[in-house]
Amino acid sequence: MNDPGAEQAWAHAARAGSAEAFSRLVALHQQGLRAFLRRLCGSHAEADDIAQETFVFAWEAMARFDAGRGFRAWLFGIGWRKFRERRRSWLRRLRREQQAGEMAGAVVAADTGARLDIAAALDALPPEQRAAALLCLACEFTHAEAARALEIPLGTLKSHVARARERLQHALGDPDG
């Protein structure tokens with residue numbers, strides 16, 4: 001279903017408190033959100049947890065949803081912020097436990113093909129570039145939608161995408177990259 005009018009109507013109804021309308025929005029966007037988060041996290045379980053937190057937060061915040069803003073961009077923005085919160089928490093825990101060195105060595109992945117090469121190249125990107133690239137290149141967001149979702153200026157988003165593309169091309173051995 002790709003009817004922006006229906007999506008907008010559901011968003012308005014959900015904003016007014018309709019759980020049924022919100023359920024339709026969840027059904028419409030859960031696959032895309034989970035895919036985005038899985039690519040960011042590298043872990044299906046963690047991504048699914050963050051997606052669940054995102055939907056719960058979105059439901060609780062629906063009354064504050066700006067109807068002039070696209071629901072998808074708003075939702076993915078929440079997911080991005082939840083991802084960053086979880087990463088910051090994880091980093092604090094690592095520092096507290098002083099295990100950063102051990103963890104870095106455990107994260108090395110074997111090279112078993114192009115899919116792992118792409119995943120490793122994505123993982124090597126700074127989180128902001130990874131999020132921008134995933135939204136624009138994998139989730140088919142427009143630059144404007146991605147900028148709204150990540151709450152950054154359009155020019156910054158375009159820079160993140162361009163840098164990510166260059167780094168990915170270089171990491172994957174593209175002679176033009």
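Mentor: Gladly, and keep in mind that this is a predicted model. Read along the sequence, the chain follows the pattern α-α-α-α-α-α-α-α-α.

Trainee: How many helices and strands does the secondary structure of the chain come to?

Mentor: The pattern along the sequence is α-α-α-α-α-α-α-α-α. Counted up, the secondary structure comes to zero strands and nine helices.

Trainee: What percentage of the residues of the chain count as buried?

Mentor: Let's begin with the surface: the chain exposes about 10200 Å², with 51% of it supplied by carbon and sulfur atoms. As for residues, the chain has 177 of them, and the share that counts as buried is 35%.

Trainee: Among contacts between residues at least 6 apart in sequence, what percentage join residues at least 24 apart?

Mentor: A contact here needs heavy atoms within 4.5 Å. Taking the contacts in the chain between residues at least 6 apart in sequence, the part that joins residues at least 24 apart is 60%.

Trainee: Let's turn to single helices. What does α9 reach from its first C-alpha to its last?

Mentor: Helix α9 covers residues 154-171, which makes 18 residues. At 1.5 Å a residue, 26 Å is expected, and the model comes close to that. The reach of α9 is 26 Å.

Trainee: Within what arc do the buried residues of α9 fall, seen down its axis?

Mentor: The buried residues of α9 are L157, H160, V161, A164 and L168. Because they line one face of the helix, the view down the axis of α9 puts them within an arc of 95 degrees.

Trainee: Which exposed residues sit on the face of α9 turned away from its buried side?

Mentor: Just past the end of α9, G173 takes a positive phi of about 80 degrees. Back on the helix, the face turned away from the buried side carries the exposed residues E166 and H170.

Trainee: And α3: which of its residues are buried?

Mentor: Helix α3 spans residues 44-61 and reaches 25 Å, close to the 26 Å expected. Its buried residues are E46, A47, I50, A51, T54, F55, A58 and A61.

Trainee: Is K82 buried or exposed?

Mentor: K82 has its place in helix α4, residues 71-97. Leaving aside neighbours within four places in sequence, K82 is in contact with I50, E53, T54 and F57. The relative accessibility of K82 is 15%, and under 20% is the cut-off, so K82 counts as buried.

Trainee: What separates the C-alpha atoms of C41 and P127?

Mentor: C41 is found in helix α2, and with a relative accessible area of 11% it is buried. Not counting residues up to four places away in sequence, C41 touches E46, A47, I50, F83 and R87. C41 and P127 are 86 residues apart along the chain, and their C-alpha atoms are separated by 9.7 Å.

Trainee: On to the rings. How are the planes of F22 and W59 arranged: stacked, edge-to-face or tilted?

Mentor: A search of the whole structure finds seven aromatic pairs. The ring centres of F22 and W59 are 5.1 Å apart and their planes stand at 55 degrees, so the pair is tilted.

Trainee: How many residues apart in sequence are the parts this pair ties together?

Mentor: F22 counts as buried at 7% relative accessibility, whereas W59 is partly exposed at 35%. F22 lies in helix α2 and W59 in helix α3, so the parts tied together are apart in sequence by 37 residues.

Trainee: Which residues do ring pairs link into a cluster?

Mentor: F36 is buried with a relative accessible area of 0%, and F76 is buried at 3%. Their ring centres are 5.6 Å apart with planes at 40 degrees, so this pair is tilted. The cluster linked by ring pairs is F36, F76 and F141.

Trainee: Which residue lies over the face of F141?

Mentor: The distance from the ring centre is 3.8 Å, and the residue over the face of F141 is R72.

Trainee: Last one: where is E140 found?

Mentor: E140 is not a glycine, yet its phi is positive, near 60 degrees. At 66% relative accessibility, E140 counts as exposed. E140 is found in the loop between α7 and α8.

Terms used: Residues are numbered from 1 along each chain as its sequence is written. This is a predicted model: local features need pLDDT of at least 70, side-chain atom pairs count only at pLDDT 80 or more; totals for chains, interfaces and linings use all residues. Side-chain values use heavy atoms; hydrogens and water are left out. Helices (H or I, at least four residues) and strands (E, at least two) are DSSP runs, numbered from the N terminus. The expected span of a helix is 1.5 Å times one less than its number of residues. Buried means under 20% relative accessible area, exposed over 50%, partly exposed in between (1.4 Å probe, protein chains only). The arc is that of the directions from the helix axis to the C-beta atoms. Accessible areas come from the Shrake-Rupley method with a 1.4 Å probe; for residues, only the protein chains shown count as cover. Rings of Phe, Tyr and Trp (its six-membered ring) pair if their centres lie within 6.5 Å; planes under 30 degrees apart count as stacked, over 60 as edge-to-face and the rest as tilted. A charge sits over a ring if NZ of Lys or CZ of Arg is within 6 Å of the ring centre and within 35 degrees of the ring normal.
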